[in-house]
Amino acid sequence: MSDMHIRTARLEDDDELARLDRATWSTLHAVQPRPEPPYEPFFNDRFGPHDHLVAVLDERIVGYVKLGFPTPLLVNAHVRQIQGFAVAEEVRGRGVGRTLIRAAMDEARRQGAVRITLRVLGHNTPARKLYESEGFVVEGVLPGEFLLDGVYVDDVMMGRLL
């Protein structure tokens, strides 16, 4: 999608990102309950605009990736973790997610990271296939870590060197 571009989020993107997050909510990837009004702001004290890359198509945000530190420990500062990822339903399968993952890896490298990790639910086959195609490998599994819709779901840890 040549008319799509990636940029760092801006404070004024809060409402649009919150709407995208609510529209893409699913137990395929979410471990929090479905958001209900009154809605929380998208950005908070822990994650602000500078922690998010957004995909923009036709002046509309169609996806985002949140990049953070896996822990606050200095001995772990060489690692970045994808801690949020969403792509609008109507553009899935068109390379938006892949572009965001690659942009997150580039940003992690720019920040000096040598490794990137993420966590994905075991039943989220589309996301796992995307991550694997971008070089991520399974590094651990927490069996039955989450109870979603009455089913125990694995938490899969994946990572790769940058």
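Visitor: In which order do the seven strands of the open sheet stand?
Guide: This is a predicted model, in which local features need pLDDT of at least 70, side-chain atom pairs count only at pLDDT 80 or more, and totals for chains, interfaces and linings use all residues. Strands (E, at least two residues) and helices (H or I, at least four) are DSSP runs numbered from the N terminus, and two strands pair if DSSP finds at least two bridges between them. With mixed pairing, the open sheet has the order β1-β2-β3-β4-β5-β7-β6.

Visitor: Which strands have one side left without a neighbour in the sheet?
Guide: A strand at the edge has a single partner strand, so one of its sides is left without a neighbour in the sheet. The strands standing at the edges in this way are β1 and β6 (137-148).

Visitor: What is the average twist from one strand to the next, and what angle does α1 make with β3?
Guide: Angles run from 0 to 180 degrees between N-to-C directions, and axes are lines fitted to C-alpha atoms, for helices over the stretch in contact. From one strand to the next the twist averages 25°. Helix α1 packs on the sheet and touches β2, β3 and β4, where contact means heavy atoms within 4.5 Å. The direction of α1 makes with that of β3 an angle of about 90°.

Visitor: Which residue of β4 is the bridge partner of Gly-68?
Guide: Strand β3 and strand β4 (residues 79-87) run antiparallel and are joined by six bridges. In β4, the bridge partner of Gly-68 is Gln-81.

Visitor: Is Asp-13 buried or exposed, and which backbone nitrogen does its side chain reach?
Guide: Asp-13 is placed in the loop between β1 (4-8) and α1 (14-23). Buried means under 20% relative accessible area, exposed over 50%, and partly exposed in between (1.4 Å probe, protein chains only). Because its relative accessible area is 5%, Asp-13 is buried. At 2.7 Å, the side chain of Asp-13 reaches the backbone nitrogen of Arg-10.

Visitor: What is the relative accessible area of Glu-59?
Guide: Glu-59 lies in the loop between β2 and β3, and its phi is near 65°, a positive value in a residue other than glycine. Glu-59 is exposed, because its relative accessible area is 80%.

Key: Residues numbered from 1 in each chain as written. Heavy atoms only, no water. Polar contact = N/O pair within 3.5 Å; in protein donor to acceptor, adjacent residues only side chain to side chain.
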